[in-house]
Amino acid sequence: MTKTLLRILGGMALAILALNLNAQGVSLSIEEYSTMKASGTLPPEFHVEYTTLPVATQPVEGRDKPSRGGQPKGGGNGLCNCWIEPDANYTLAMAPNDDLSSGIINLPFTFNLYGDLYNSCYINNNGNISFGTPYGTFSSSGFPSANFVMVAPFWADVDTRPADGGTVKYLITNSALYVNWTDVGYFSMMTDKLNTFQLIITDGTDPVIGVGNNVSFCYKNMDWTTGSASGGVNGFGGTPSTVGANRGNGVDFIQFTRNDHAGADYDGPFGNADGIDWLDFQNFRFTTAVSTQNIPPITSSNFLCDTVEVCMGELVDFDVTFLTPEGDQAIIDATASAPTIDNFNYTITNNVTSAGINVQFIPQIGDTGFHAVTFTAQDNGADSLTSTVTIILAVYYTPDIPPAIEGSAEACEGVGSVITATPGYDAYYWSNGFNGPTILVGPGTYYCLATSGNCRLASNFITVTEVPNPEPDITGPLFSCGGLPVTLGVDDPYVSYQWSNGSTDPNITVGTGQYVVTVTDTNGCVGSATPVNVLTANDPAAFFDSDNASTVFPGTTVTYTDQSSVQGSTITSYAWAIDGAPAGNGTTLVVPWDTPGTYVVTLTVTSADGCVNTYSFTQIVIPTEIEIPNVFSPNGDNQNDALVFPGVEYYPNTSLRVFNRWGQAIYESTNYKNNWRAPDVAEGTYFFVLKLANGKDYSGHVTLLR
């Protein structure tokens with residue numbers, strides 16, 4: 001057979017096109033191949049052979065999965081998307097082409113296709129990956145088939161040759177292969193309709209598609225089914241596309257759908273060809289590491305990944321479909337449950353080989369939070385199997401009032417205006433492209449969208465014009481007493497403040513140093529004050545002595561005499577206080593102590609520089625007699641609960657013994673603190689002996705009432 005090497009796009013890929021007719025090899029150019037394909041004169045014996053392309057076979061280290069793209073799904077503004085957006089780590093599988101394939105791709109894991117284990121594969125332009133050999137076959141066949149070993153998220157005649165014909169890219173990790181057909185057109189070079197779909201295969205341990213699954217098909221918008229070389233007209237009709245996986249032995253397979261027209265109709269994997277729109281935003285997750293004698297129902301939904309996020313008060317409307325991949329089985333039971341949602345409602349549509357569960361309800365405020373929604377289906381195979389899938393539904397609180405924009409409607413000269421949306425939302429998206437609750441803008445008209453979860457509310461509009469900047473002045477004493485702080489402020493009130501010491505308060509308390517403040521006014525304008533210098537003076541050292549002890553009896557007069565001093569200045573003011581109440585001025589204070597108790601005597605002195613200092617002394621006046629109680633009621637009402645001898649607190653090491661009527665001691669303490677509550681002691685009259693450390697004692701009886 002004659003082989004002609006074709007140079008494609010500057011040597012990025014090499015392909016061999018060969019035609020075998022009566023052992024006479026005939027070489028075709030790319031143009032000749034396309035012409036014969038378009039006219040339907042390409043013989044079935046014609047096949048495409050490939051040289052190995054340079055491919056990236058090393059997994060991306062330290063990467064669990066690529067980032068997900070965003071696509072609204074179902075009710076509310078919830079996001080649940082199986083689509084993995086290709087990023088800079090992805091590799092172009094092949095140059096723009098028609099019917100070509102990548103070179104062999106070595107996998108760092110083992111993929112199980114119905115018992116056959118593979119460590120390499122080919123990515124075929126026509127919506128599938130194959131094992132053992134690449135395929136250029138553009139007209140799909142149904143499964144099972146003995147002719148193809150492939151996993152096909154969408155087997156049809158993909159044509160990426162036009163500039164806007166899309167790309168086929170892939171990424172390898174340690175346990176998964178991602179392949180994305182993004183915005184791809186159809187033969188011949190048609191881009192009026194585009195398809196976007198994704199394949200992931202794993203070793204069954206990668207959590208990106210669920211441990212136990214090893215294949216995921218994910219779809220974004222799907223618009224066409226058939227190229228013109230397969231009998232299609234404007235992307236429809238002719239040979240249907242095929243979605244599924246095939247071992248190549250005519251026995252082991254799975255098939256989800258074949259499609260040949262627009263619309264969302266679906267009658268199961270083996271009925272009539274289905275509408276392509278049924279695939280829009282669907283996700284199939286399954287395993288080929290099983291025998292196909294009986295496969296449990298396959299779950300299909302656009303909500304199988306991540307948490308479904310919906311908004312309170314908005315209609316939740318989404319579908320979960322169970323499919324029987326065997327043509328001779330049916331779904332005999334399908335249910336849904338959400339025990340934590342009061343008004344949860346669903347309907348079931350059973351089309352024999354598939355069962356659709358449609359969930360519709362409107363979350364109320366009591367539903368805010370996270371809920372588990374469980375879907376179950378059972379087939380009628382000989383070994384009847386059941387599939388269960390749980391979707392986490394997050395219901396977000398939606399405020400009743402949309403965000404309001406506040407801030408100056410006037411922009412600062414050469415600077416701008418600070419505008420702020422109502423706080424409390426998760427995120428803010430402004431009409432000028434900025435994010436966050438507060439932004440700085442120039443003259444113009446603005447609004448924002450605020451989100452709570454994925455719920456969005458639009459604000460009012462604000463129009464900003466230009467105004468001059470503020471000119472603040474710093475106020476307050478410009479000296480500090482021996483390191484004691486002073487308070488500085490600003491002459492007029494402003495919206496925000498930024499001091500040179502980092503404070504954002506309108507007033508700051510500071511020590512010695514230079515200070516300046518920058519302010520923002522109600523218009524969002526910014527201006528700075530002239531810097532000020534704070535000086536220092538020495539603090540006075542307040543102190544006084546007493547002509548008596550710290551502990552005295554009632555009737556004792558005590559004289560307190562000032563002993564304060566200050567370096568570099570003089571003391572000009574004296575202020576005495578007892579327990580915070582003014583008690584006099586001058587350098588002495590004479591107090592006749594008559595009432596027992598504990599008192600704090602304080603002297604406050606002020607220097608000629610205005611610097612202040614205080615000194616405090618605790619004076620204890622001890623009662624000469626202890627008060628004797630006659631009754632106490634330890635009933636837990638916090639009133640007279642303990643046996644209290646008023647005044648005993650001033651006499652440490654006081655002993656107490658309590659006796660019952662038979663003279664038996666029921667309580668003893670060598671340092672009584674007025675804290676006996678007589679636990680487990682019956683009501684009645686008891687006798688006591690109280691002895692002070694000075695030798696004085698008291699005895700008597702007391703009545704215990706509960």
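How many aromatic pairs does the structure hold?

Reply: The structure, a predicted model in which local features need pLDDT of at least 70, side-chain atom pairs count only at pLDDT 80 or more, and totals for chains, interfaces and linings use all residues, holds 34 aromatic pairs (Phe, Tyr and six-membered Trp rings with centres within 6.5 Å; stacked under 30 degrees between planes, edge-to-face over 60, tilted for the rest). Residues are numbered from 1 along each chain as its sequence is written, and side-chain values use heavy atoms, with hydrogens and water left out.

One of these pairs is Y447 with F461, tilted at 50° between the planes and 4.9 Å centre to centre. The pair links distant parts of the chain, 14 residues apart, with Y447 in the loop between strand 32 (444–446) and strand 33 (448–452), and F461 in the loop between strand 34 (455–458) and strand 35 (462–467) (strands are DSSP E runs of at least two residues, numbered from the N terminus). Y447 is partly exposed at 33% relative accessible area, whereas F461, at 58%, is exposed (buried under 20%, exposed over 50%, partly exposed in between, with a 1.4 Å probe and protein chains only).

F632 and W676 also form a tilted pair, 5.9 Å centre to centre with 45° between the planes. This pair too links distant parts of the chain, 44 residues apart, joining F632 in strand 53 (residues 631–632) to W676 in the loop between strand 55 (665–669) and strand 56 (684–691). F632 is buried, with a relative accessible area of 2%, and W676 counts as buried at 6%.

Elsewhere, ring pairs link F217, Y219, F256, Y266, W278, F284 and F286 into a cluster.

Key. Helices (H or I, at least four residues) and strands (E, at least two) are DSSP runs, numbered from the N terminus.
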